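User: I'm new to this one. Can you put it up and walk me through it?

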Amino acid sequence: MTSGIKNICCIGAGYVGGPTMSVLADKCPEIQVNVVDLNVARIKAWNSRDLSKLPIFEPGLKEIVERCRGENLHFTDEVEKKISDADMIFISVNTPTKTSGVGAGKASDLKWVEACAREVAKFAKGHTIVVEKSTLPVRTAEVIKKILEASASSVAETKNASFDVLSNPEFLAEGTAIKDLEDPDRVLIGGENEKAIEKLSDIYQRWVPEEKILKTNIWSSELAKLTSNAFLAQRISSINSISALCEATGADIREVSRAIGTDTRIGSKFLTSGPGFGGSCFKKDILNLVYLSNHFGLPEVANFWEEVVNLNKWHQNRISKLIVKKLFGTVSGKKIAILGFAFKADTNDTRESAAISICKDLLEEGALLKINDPKVSPEQISQDLSQKILTDKINKVKNPINQTNECCYFFSDINKAIDGTDAVVILTEWEIYSKINWSEVCKTMRKPSWIFDTRSSISDETLRTIKKYDLNIWRIGDGSVK
Ligand code: UDX
Ligand code: ADP
């Protein structure tokens, strides 16, 4: 199978562009894949000799980068040159929610996508297929197309440029990105030009069975991506809403999830109650749907989806409030260990992590936080919380807490993070947290000690034994522990 594509450029070396292009390069050794980014530090990190310093942590990624980098996979800041060399260009830049102007707080800010389209228009040569990879609001392809066409007609005679635009949304989830890319449920390609669609489809067919490659019109493809994330997020808000009811009634959310998940019409995935969904996509994509629905005069549809986000916000706040309530109504001056800061396990990404809002609430109440995460850096946590953070490594002292007035500390050692605290709050489902020896650890805590487990990291069996120690436990959606 040959697509005729020899040279690919991906603009944006982030969580989507980096892993996606690594897998593509691995599967298509005859295609040269160049990943470009304006962020020189990020490119430098992608080119690190020490593979533990890649800018993104994903299981299986570093092995692929080791195999392909310098062969047919290249990370560079030579944006102009790589665009002009390419016969297919993926746009994989960030599209955060607008913070000001029309649609602020809901619509996506497309300034980076627009800037990309203008760069492509300026530097591309010959016929180029432009593929939207970033999650974008419906009808963005039209914007890209207009920019490219306007440019093509003005300079076509000098550089012979022409374009096709395709939508090829990414469905990878962080932490399982490599698996999702190597064995996707489906690949979606939306577009108007059949020849261009076939070329992209041929690339995927090197490793994806043809029946899993769905071809649609461009608007369906864009809307399917938003809808897919909205449905997943809706399931999480649904189960989280029921977890509050479980706690009130004595039911157990794990049992309820299992019971409803065995109905094949419902299915068992995405029914794990947690501290609320995070990540760069769910909230942004739902708010995009809300904006679009209002824009098209469908306020009932907009309100329906907005409730998914509202429930998530309420749920996170509910957890902070109950921590304060259980600790005798005040956490002022109390030390609280935060286990996990990433928005989920197996990633170093903290975007929209529930940990951010819960930690901010606790800091607001005057708590002293001792934070641990196996992959998130203290610098990132400091940025997310807008707080100075002291680390056990930097200070090279056993327990810096007694020596300063700061309220945020990072400990790379779990036991040190827990030492001397009134409460432990588990916010990310890292496997190591399910292996903590609570019978030992609790001896170092101040009494009465609390564990708040928002991730069901503590199994039923451990819970039974823990109850024998001098420990109070709250577990998400568990009506049996009060
Ligand atoms: C999501 C989509 O899954 C993916 O298809 C899309 O391309 C990008 O957005 P991602 O944000 O990486 O992927 O992670 P995901 O596994 O979907 O988790 C999102 C959030 O929901 C996390 O905070 C996670 O902890 C939470 N979650 C997930 C739950 O609370 N319960 C669940 O059962 C599943
Ligand atoms: P995602 O999760 O969608 O991959 P990220 O924020 O991780 O988002 O990555 C997007 C990347 O796109 C960033 O590294 C950013 O520097 C890069 N980027 C944004 N605009 C441009 C541009 N015009 N040219 C090159 N790179 C860009």
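This is a predicted model: local features need pLDDT of at least 70, side-chain atom pairs count only at pLDDT 80 or more; totals for chains, interfaces and linings use all residues.

User: Okay, ligand 1. How many residues surround it, and which are the closest?

Analyst: There are 19 around ligand 1. The closest are Phe171, Leu172, Glu174, Thr272 and Lys344. A residue is near a molecule or strand if one of its heavy atoms lies within 4 Å of it.

User: Which polar side-chain atom lies 2.8 Å from an oxygen atom of ligand 1?

Analyst: One belonging to lysine 344. Backbone atoms take part as well. A backbone N or O atom of glutamate 174 sits 2.7 Å from a ligand 1 oxygen. For glutamate 170, a backbone N or O atom is 3.2 Å from an oxygen of ligand 1. A polar contact here is a pair of N or O atoms within 3.5 Å; within protein, one must be able to donate a hydrogen and the other to accept it, and residues adjacent in sequence count only if both atoms are side-chain atoms.

User: How much of ligand 1 does the protein cover?

Analyst: It covers 91% of the 650 Å² of accessible area that ligand 1 has on its own. Accessible areas come from the Shrake-Rupley method with a 1.4 Å probe; for residues, only the protein chains shown count as cover.

User: Which helix gives the most to that shell?

Analyst: Helix H9, residues 218-249, with four residues. Helices (H or I, at least four residues) and strands (E, at least two) are DSSP runs, numbered from the N terminus. By type, the shell around ligand 1 has 11 nonpolar, three polar and five charged residues. Ala, Val, Leu, Ile, Met, Phe, Trp, Tyr, Cys and Pro count as nonpolar, Asp, Glu, Lys and Arg as charged, and the others, Gly among them, as polar.

User: Now ligand 2. Which residues come nearest?

Analyst: Tyr15, Val16, Asp37, Arg42 and Arg351, out of 16 around ligand 2. A polar side-chain atom of arginine 42 is 2.7 Å from a ligand 2 oxygen. A polar backbone atom of valine 16 is 2.9 Å from an oxygen of ligand 2. For leucine 38, a polar backbone atom lies 3.4 Å from a nitrogen of ligand 2. The protein covers 89% of the 580 Å² of accessible area that ligand 2 has on its own.

User: And what makes up its shell?

Analyst: Around ligand 2 there are seven nonpolar, five polar and four charged residues. Helix H5 (residues 111-123) supplies the largest share, three residues.

User: Switching to strands. What is the order in the sheet of seven?

Analyst: E11-E12-E10-E9-E13-E14-E15, an open sheet with parallel pairing. Strands E11 (390-391) and E15 (471-475) are the edges: each has a single partner strand, so one side of each is left without a neighbour in the sheet. Two strands pair if DSSP finds at least two bridges between them.

User: How many bridges join E14 to E15?

Analyst: Five, with E14 covering residues 449-453. Aspartate 453 has arginine 475 of E15 as its bridge partner.

User: What about E7? Which residues point which way?

Analyst: Val187 and Ile189 point one way from E7 (residues 187-190), Leu188 and Gly190 the other, and all are buried. Buried means under 20% relative accessible area, exposed over 50%, partly exposed in between (1.4 Å probe, protein chains only). In a regular strand, side chains alternate between the two faces of the sheet. Four bridges join E7 to the parallel strand E8 (residues 213-216). Leucine 188 stands opposite leucine 214 in E8.

User: Last topic, single residues. Is alanine 25 buried or exposed?

Analyst: Buried, at 1% relative accessibility. Alanine 25 lies in helix H1 (residues 17-27). Not counting residues up to four places away in sequence, alanine 25 touches Val33, Cys68, Asn72 and Leu73. Contact means heavy atoms within 4.5 Å. Alanine 25 and cysteine 68 are 43 residues apart in sequence and 6.8 Å apart in space, C-alpha to C-alpha.

User: What does the side chain of aspartate 180 reach?

Analyst: The backbone nitrogen of alanine 173, at 2.8 Å. Aspartate 180 sits in helix H7 (residues 177-182). Aspartate 180 is buried, with a relative accessible area of 17%.

Key: Residues are numbered from 1 along each chain as its sequence is written. Chains are lettered from A and ligands numbered from 1 in the order in which they are written. Side-chain values use heavy atoms; hydrogens and water are left out.
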